[in-house]
Amino acid sequence: MTSNNKTNRTVEKNMDRIMELLSKLRFYGMLETYRNDCRTTSSDGMTNDEFLKWLLESENDYRRNVSIERLIKSANFRYKAYMEKIDYTIKRNLDRNQLERLASLDFIRDGQNIFITGSSGTGKSYLASAIGYEACKNGVKTLYSNASKLMGHLKMAKNKGTIESEMKKIEKCPLLILDDLFLIGLDAKERSILMEIIEDRHGLKSIIITSQLPVESWYDAIGDPTVADAILDRIVHSAHKIELTGDSVRKINAKKK
């Protein structure tokens with residue numbers, strides 16, 4: 001009886017020490033799995049190598065989830081949006097096959113762009129964000145921004161002399177989402193900034209642009225013919241186009257309630 005008590009105390013000390021070391025080494029996924037196993041019998045019947053594999057997979061899953069959460073937070077999405085929640089029952093010219101192909105993220109690997117156009121409320125921002133979330137879930141650093149706010153921010157940075165560091169932050173993101181571009185016409189500084197962004201990413205990194213204006217109206221919205229030619233020549237030819245039609249999704253959903 002005394003021998004059993006000593007054995008139990010030794011086992012408990014070993015368990016406590018293992019958990020202490022896992023915490024100190026920041027193996028939080030393994031720690032949680034091991035702690036739960038101490039309260040259950042999940043690992044009963046496992047061989048040593050199976051048990052170690054189980055712990056390591058738990059750590060890998062934990063780190064992957066933390067990484068995804070970090071990418072989503074730094075992307076600064078306006079909406080929580082998911083590819084699997086896209087509503088294809090609403091008639092707005094959505095092609096499920098096209099969206100599923102884009103969800104593969106091959107367009108990012110190929111440095112291609114996506115244009116999503118349509119009137120207000122048709123779901124442009126949601127679609128762009130859903131693709132962005134999918135990118136983050138697959139480890140792709142993404143930046144979402146309202147185009148007007150980003151231009152304003154970058155103009156201020158230019159005045160302060162910090163534009164280079166701000167542009168480098170954008171450049172580090174394989175996927176940039178410019179939401180509601182051309183909602184307001186561009187001034188000379190904004191044209192220059194947009195041109196620099198496009199030039200830095202041309203053929204290398206991807207942009208998703210949403211706009212209420214159809215693509216054929218972007219030339220006039222840019223304002224300067226020379227700059228418009230340069231910008232559109234670099235982004236149009238490698239772009240996947242989604243042209244949404246129909247009524248506002250918000251109004252349709254509101255009527256259903």
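This is a short chat about how a predicted protein model is put together.

Reader: What kind of model is this, and which domains is the protein divided into?
Author: The model is predicted. Domain 1 covers 2–73. Domain 2 covers 76–256.

Reader: How far apart are the centres of domain 1 and domain 2?
Author: Their C-alpha centres lie 43 Å apart.

Reader: How many residues are in contact between domain 1 and domain 2?
Author: On the domain 1 side, 5 residues. They are in contact with 8 residues of domain 2.

Reader: And what area do domain 1 and domain 2 bury between them?
Author: About 540 Å². Of that, 63% is on carbon and sulfur atoms.

Reader: Which three residues of domain 1 supply more of its buried area than any other three?
Author: Ile 68, Leu 71 and Ile 72. Together they supply 84% of what domain 1 buries against domain 2.

Reader: What classes of residue are on the side of domain 1 that touches domain 2?
Author: That side has 3 nonpolar and 2 charged residues. It has no polar ones.

Reader: How many salt bridges are there between domain 1 and domain 2?
Author: The count is 0. There are 2 residue pairs in polar contact between the two domains, though.

Reader: New topic. Where is Leu 143?
Author: Leu 143 is in strand E2, residues 142–146.

Reader: Is Leu 143 buried or exposed?
Author: Buried, because its relative accessible area is 18% and the cut-off is under 20%.

Reader: What does Leu 143 touch, leaving out residues up to four places away in sequence?
Author: Its contacts are Ser 74, Ala 75, Ile 170, Cys 173, Leu 175, Leu 176 and Ile 177.

Reader: How far is Leu 143 from Ala 75, going by C-alpha atoms?
Author: Those atoms are separated by 4.3 Å. Along the chain, the two residues are 68 residues apart.

Reader: OK, Ser 58. Where does that one sit?
Author: Ser 58 is in helix H3, residues 48–75. It counts as buried, at 16% relative accessibility.

Reader: What does the side chain of Ser 58 reach?
Author: The backbone oxygen of Trp 54, at 2.9 Å. Ser 58 also touches Gly 29 and Thr 33, not counting residues up to four places away in sequence.

Reader: Back to salt bridges. How many are in the whole structure?
Author: A search finds 10. One of the pairs is Lys 137 with Glu 134. Their closest N and O atoms are 3.5 Å apart.

Reader: Where are Lys 137 and Glu 134 along their helix?
Author: Both are in helix H6, residues 124–137. They are 3 residues apart, so about one helical turn separates them.

Reader: What about Lys 169 and Glu 166?
Author: Their side chains meet in a salt bridge, 3.5 Å from N to O. They are 3 residues apart in helix H8, residues 163–171, so about one helical turn lies between them. Lys 169 counts as exposed, at 51% relative accessibility. Glu 166 is buried, with a relative accessible area of 16%.

Reader: Which residue does Arg 234 meet in a salt bridge?
Author: Glu 199, at 2.5 Å from N to O. Arg 234 lies in helix H11 and Glu 199 in helix H9, so the pair ties together parts that are 35 residues apart in sequence. Arg 234 is partly exposed, at 23%. Glu 199 is partly exposed too, at 39%.

Reader: Which residues are linked in a network of salt bridges?
Author: Lys 155, Asp 187 and Glu 190.

Reader: Last topic, backbone angles. What is the phi of Leu 105?
Author: Positive, about 70 degrees, although Leu 105 is not a glycine. Most residues other than glycine have a negative phi.

Reader: Where is Leu 105 found?
Author: In the loop between helix H4 (96–103) and helix H5 (106–109). Leu 105 is buried, with a relative accessible area of 3%.

Reader: And what about Phe 182?
Author: Phe 182 has a positive phi of about 70 degrees and is not a glycine. Its loop runs between strand E3 (175–179) and H9. Phe 182 counts as buried, at 7% relative accessibility.

Definitions and conventions:
Residues numbered from 1 in each chain as written. Predicted model: local features only at pLDDT ≥ 70, side-chain atom pairs only at ≥ 80, totals over all residues. Heavy atoms only, no water. Domains from an automatic or database assignment. Contact = heavy atoms within 4.5 Å. Buried area = accessible area lost by both parts, 1.4 Å probe. Salt bridge = Lys/Arg side-chain N within 4 Å of Asp/Glu carboxyl O. Polar contact = N/O pair within 3.5 Å; in protein donor to acceptor, adjacent residues only side chain to side chain. Nonpolar A, V, L, I, M, F, W, Y, C, P; charged D, E, K, R; others polar. Helix = DSSP H or I, 4+ residues; strand = E, 2+ residues; numbered from the N terminus. Buried < 20%, exposed > 50% of the residue type's maximum accessible area, 1.4 Å probe, protein only.
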